[in-house]
Amino acid sequence: MTARGESVLRLEDERLLRGAGCFTADIRLENELRMFVVRSPHAAARIVSIETADAVRRPGVVAVLTGCDYQEDGWGHPTSRHKDFLGPRRNVDGSEFFAPPNVVLPVDRVRHVGDAVAIVVATSLNAARDAADHVRVAYEPLPHVTSAVDALRAGAPAVWDERADNLCADFATGDEAAVTAAFARAAHVVDIEVESQRVTAASIEPRAAVGHCDPRDGRMTLYVTSQGADRLRRVLAEDVLRVEAEQLRVVTRDVGGSFGMKAGMYTEYVLVLWAAKRIGRPVKWVAGRSESFVSDTHGRDIRSRAELALDADGRMLALRVESIANLGAYPGPRGPMIGVFAHPLVMTGQYDIGAASYRGKVVYTNTNSVSPYRGSGQPEAALLLERLVDKAARRLGLAPLELRRRNLVPASRFPYTTALGTTYDSGDYAAVLDKAARLADLDGFEQRRREAESRGVLRGIGIAAFVEVSGGVPVEWGALRIGTDRRVEVTTGIQNIGTGHETTFPQIVAERLGVPVSCVTIRYGDTQFVKKGAGTHASRSTLMAGTVLSRNMDAAILRGTRIAAHTFGTSDEAKIRFLGSRFVSIDDGRSLDLFEVVQRAESGADLPDELRGPFQFENDYLRNLEIQTASNGCQVCEVEIDPETGRVTVVRFSAVDAVGRVINHAIVHGQVRGGVAQGIGQALFERIVYDTASGQLLTGSFLDYRLPRAADLPPIAIDDHEDAPSATNPLGVKGAGEGGAIGAPGAVANAVLDALSAYGIEHLDPPYTPERVWQAMQTTHDRSA
Amino acid sequence: MHEFRLHRPATVDEAVAAHGRAQDPLYLAGGQTLIPSLKLRLARPSDVVDVTSIAALKGIKVQGASLSIGALETHADVADSALVRDRLPALASMAVRIGDQMVRNRGTLGGAIANNDPIGDYPAAALGLGATIRTERRSIPADEFFLGAFTSALERGELIVSVDFPVADAAEYVKFSQHVGVFVARLGRRVRVAVTGGTPCVQRIPALERALEKHFDENALADWAPAEAAFASNLHASAAYRAELARVGVRRAVRSIAASLAR
């Protein structure tokens with residue numbers, strides 16, 4: 001038996017650590033073929049011709065297929081599905097966002113390096129790759145543009161002929177008139193421009209898919225690594241095949257890292273299914289790491305300018321933000337969702353700012369698509385705002401902690417609606433800030449700084465406070481079955497992506513139904529029994545699927561109560577209590593075990609019809625769209641900088657997260673730790689770079705794309721703050737999957753800039769590579785000289 | 001990878017013979033460069049001659065005033081060798097900083113020297129100590145061995161058997177990962193300085209060596225500014241930054257050696 005909050009070891013870990021997991025590449029179907037994708041070496045080019053005759057004759061080759069074949073077969077193209085998130089939002093001029101389909105195999109034109117142009121299907125991967133060298137594609141290079149800022153300039157090459165200005169979206173929200181008025185009466189105005197550079201998810205498990213078409217009945221199955229099988233099934237059914245979803249089966253087994261990158265539909269998944277149907281044999285594709293770099297959707301790539309108006313006392317009056325988001329060549333699985341919705345969602349952070357306005361341009365360029373990556377727009381917002389707040393504190397001569405404290409939304413104001421219209425459910429930001437300051441030993445910093453100085457090293461400290469809105473797609477489905485075999489089976493539409501669901505959900509059941517965790521099985525990832533589900537994203541799993549499960553357990557207990565009442569011969573259900581795992585009569589203490597009740601229901605023993613039958617429950621849940629489940633946190637980072645080389649070392653890191661009620665502390669802390677590691681990686685090392693002149697991806701391997709290593713990370717002190725359970729859901733939980741990654745870039749950035757303040761450097765964009773820091777120190781040194 | 005014929009000779013002679021018979025052969029030792037190149041289909045050898053079963057390429061021993069290290073000794077072997085740690089601690093400390101543990105368990109001395117990666121650590125150590133590279137047919141001084149990026153004095157089919165590293169009075173390797181490595185050694189009155197991360201490959205800095213031979217302290221660096229043109233400029237670092245790192249690296253190495261000699 002275990003209670004909520006206990007750090008039960010993850011039940012799935014033994015399977016995964018022993019190598020008994022089943023990832024998509026592990027799935028082997030009889031007679032399966034391997035697919036290799038021929039990709040564009042050009043950032044932009046017209047496809048003059050594709051010559052496949054030589055390749056088809058190579059040993060082992062079964063088929064070489066192009067976009068023309070795809071067109072002939074009449075299959076459709078996945079769309080960006082952004083309306084699921086954006087509803088009726090429009091461009092400032094009232095027009096619709098421009099989001100053409102994600103072309104599966106273009107026939108006329110390639111739009112980024114890595115764009116798929118043909119596939120080779122062969123009996124082995126080697127045979128397919130060998131033959132791919134013989135597919136001759138004649139290209140006529142076209143002008144290209146890789147940066148969003150450049151793409152907005154007059155005369156820039158158009159990625160899509162239909163949209164000469166390269167705009168996918170030009171969106172505005174907030175009250176610009178109120179902002180202008182507030183700026184007019186401000187005592188201080190501070191501005192900043194910050195870029196959250198492009199990064200990649202770098203999941204350990206590469207993307208992979210196997211397509212299967214049953215020759216007997218033509219039924220198609222896609223095995224794929226994803227964040228939710230049904231989500232992909234619906235894209236296939238609605239956009240690609242135009243059939244009922246029930247005619248398709250999508251299966252996702254174990255997933256080795258995804259971070260949002262695996263949430264959407266990809267060209268290769270459609271291609272394995274199409275090739276399998278066309279050829280009549282299963283077709284498998286597993287990305288090589290080089291392919292991952294060019295074709296896994298990237299993250300971030302937003303440049304924002306923000307202005308903050310403050311009164312003489314340092315109270316924040318207004319915030320104005322203008323952002324330019326690079327979307328890549330295709331709208332990808334979410335279109336302009338980040339730049340239009342996710343980025344402004346928490347733009348005012350933890351602060352009570354009277355007025356705010358946001359204008360976001362989402363721009364096409366000749367680069368790989370950008371889609372949500374851990375935090376999705378929120379880390380970019382937190383980096384921008386927290387850098388701005390630190391800059392303001394310095395200008396006003398206030399301690400960064402003090403300026404924050406003066407402006408936090410007070411605990412008494414919840415639910416609190418921000419000036420950009422997001423309603424946060426609950427929080428006690430001041431308590432979290434204080435807890436983080438204590439955990440980080442803020443008071444001892446000056447001594448640590450002096451000690452570093454005596455070693456000739458610069459030391460800086462940075463704070464980042466943030467809000468993490470969770471939930472994503474507002475609907476979820478789930479089922480519960482309690483068997484006479486004393487098993488409880490939970491079926492859910494979310495996906496375990498290394499997030500501990502096989503432990504958390506049994507704990508939720510154990511707490512409520514009083515059964516051992518070992519009695520509970522969780523089923524997910526196969527549309528054969530997962531009727532529908534939006535999958536795992538936006539830190540929604542426990543919030544959304546946990547609520548569905550709670551409701552199903554409510555229904556089970558209600559029915560059990562009625563059965564017990566009937567058994568004990570009372571008509572008053574209020575006389576029956578569900579205590580532990582037993583239905584107890586408060587009149588005479590007689591009781592029935594949960595599984596005895598289930599036995600009675602199934603055997604039908606003199607029960608009325610409505611109480612008879614299997615103990616199965618399911619429900620659809622639509623969360624309240626008016627109020628957001630908003631976690632919050634505060635992180636404190638300390639860095640040391642070698643002034644001779646510019647090398648930054650993170651030496652201390654503290655994180656306090658308030659994520660509502662905690663089901664399993666170890667899992668929540670693991671999420672925070674992993675998120676912080678990714679955030680430190682983004683702040684110090686990681687960047688996807690396209691060469692402006694050639695449009696080539698320069699960071700196409702781990703040699704050139706630097707991930708954080710264990711030795712780069714300090715011990716991370718983690719604490720959580722459980723005082724503010726959410727009222728939005730019966731479990732009182734909030735999202736916990738992204739906070740680490742939302743806060744860390746800002747905390748590291750502020751620490752670096754604090755260390756560099758002696759050099760008069762007010763801002764520097766991440767990543768803080770040694771050379772970037774060193775160059776900044778040289779420049780300011782020269783200026784002062 | 002493309003298909004190739006694999007040979008697994010047991011002796012140096014067999015290896016050289018197998019190499020000589022093939023049309024477009026490559027030797028395979030630890031494979032830390034070759035295997036990824038094969039997998040990325042950048043290398044297309046007709047034959048791969050795997051030398052890892054040749055016992056004569058193993059062993060670490062004292063030979064006169066040098067340490068003789070077999071070409072097949074892995075970076076982990078060298079880092080852990082009591083002999084190396086005792087006689088040439090700077091070499092062990094260089095080896096333990098190559099790549100990660102998996103790379104060190106596989107990568108070999110001979111492979112690293114033969115590959116002559118412009119940012120390689122071993123070329124800096126070999127040139128900095130004035131090592132002698134012994135092949136099955138001759139001995140090549142390090143000063144004549146490293147010719148250019150991924151290019152060495154090795155002739156077709158020539159196989160490194162061992163490398164003799166003179167035991168220095170004191171030496172130090174300062175490494176700025178992916179950017180620059182600086183190896184400084186004092187051998188009697190002579191001082192050698194080798195810098196990796198430059199163009200086209202590892203290089204000595206004779207003017208600095210002479211200055212340090214006169215006065216072995218960091219003041220000797222005062223008049224020396226590395227030429228930017230001598231350094232590579234790429235995604236990871238500009239030539240100007242690398243030049244500065246070379247200066248910092250030499251200074252730190254000299255300071256450390258001076259301190260160790262003073263003890």
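A residue counts as buried here when its relative accessible area is under 20%. The model shown in the following views is predicted.

View 1. Over all chains, the structure holds 18 aromatic pairs.

**View 2. A:Tyr416 and A:Tyr424 form a tilted aromatic pair.** The ring centres are 6.3 Å apart and the planes stand at 35° to each other. A:Tyr416 and A:Tyr424 are buried. Elsewhere in chain A, one aromatic cluster is made up of A:Phe98, A:Trp160, A:Tyr330 and A:Tyr364.

**View 3. An open sheet of 5 strands in chain A has mixed pairing.** The strand order is 7-15-14-13-8. Strand 7 (167-174) and strand 8 (188-196) of chain A are the edges; each has a single partner strand, so one side of each is left without a neighbour in the sheet. On average, neighbouring strands of this sheet are turned by 10° against each other, direction ignored. Helix 7 (residues 176-184) of chain A lies across strand 7, strand 8, strand 13 (302-310), strand 14 and strand 15 of chain A, and runs at about 130° to strand 14 of chain A.

**View 4. Strand 13 of chain A pairs with strand 8 and with strand 14.** With strand 8 of chain A the pairing is antiparallel and comprises 9 bridges; with strand 14 of chain A it is also antiparallel, over 9 bridges. A:Ile302 is the bridge partner of A:Ser196, and A:Ile302 has A:Ala325 as its bridge partner in strand 14 of chain A. Strand 13 and strand 14 of chain A form a hairpin with 5 residues between them, and A:Gly314 in the turn has a positive phi of about 85°. Of the 9 residues of strand 13 of chain A, 7 are buried, so this strand is largely enclosed by the rest of the structure.

**View 5. Strand 14 and strand 15 of chain A run parallel.** Strand 14 (residues 316-328) of chain A is joined to strand 15 (residues 355-364) of chain A by 10 bridges. A:Ala325 stands opposite A:Val362 in strand 15 of chain A.

**View 6. The largest nonpolar core has 88 residues.** A:Leu319 and A:Phe653 have the most contacts inside this core. Helix 12 (residues 378-396) of chain A gives the most to the core, with 9 residues. Leaving aside neighbours within four places in sequence, the contacts of A:Phe653 include A:Val636, A:Cys637, A:Val676, A:Ile680, A:Pro714, A:Pro715 and A:Val748. Another core, of 50 residues, lies apart from the largest one; among its residues are A:Val104, A:Val199, A:Ala201 and A:Ala276.

**View 7. Arginine side chains lie over phenylalanine rings in chain A and in chain B.** In chain A, A:Arg706 lies over the face of A:Phe685, at 4.0 Å from the ring centre. In chain B, B:Arg186 lies over the face of B:Phe216, at 4.8 Å from the ring centre.

Terms used
Residues numbered from 1 in each chain as written. Chains lettered and ligands numbered in written order. Predicted model: local features only at pLDDT ≥ 70, side-chain atom pairs only at ≥ 80, totals over all residues. Heavy atoms only, no water. Pairing = 2+ DSSP bridges. Helix = DSSP H or I, 4+ residues; strand = E, 2+ residues; numbered from the N terminus. Axes fitted to C-alpha atoms, helices over the stretch in contact; angles between N-to-C directions. Contact = heavy atoms within 4.5 Å. Buried < 20%, exposed > 50% of the residue type's maximum accessible area, 1.4 Å probe, protein only. Core = buried A, V, L, I, M, F, W, Y, C linked by side-chain atoms within 4.5 Å. Phe/Tyr/Trp six-rings, centres within 6.5 Å; stacked < 30°, edge-to-face > 60°. Lys NZ or Arg CZ within 6 Å of the ring centre and 35° of its normal.
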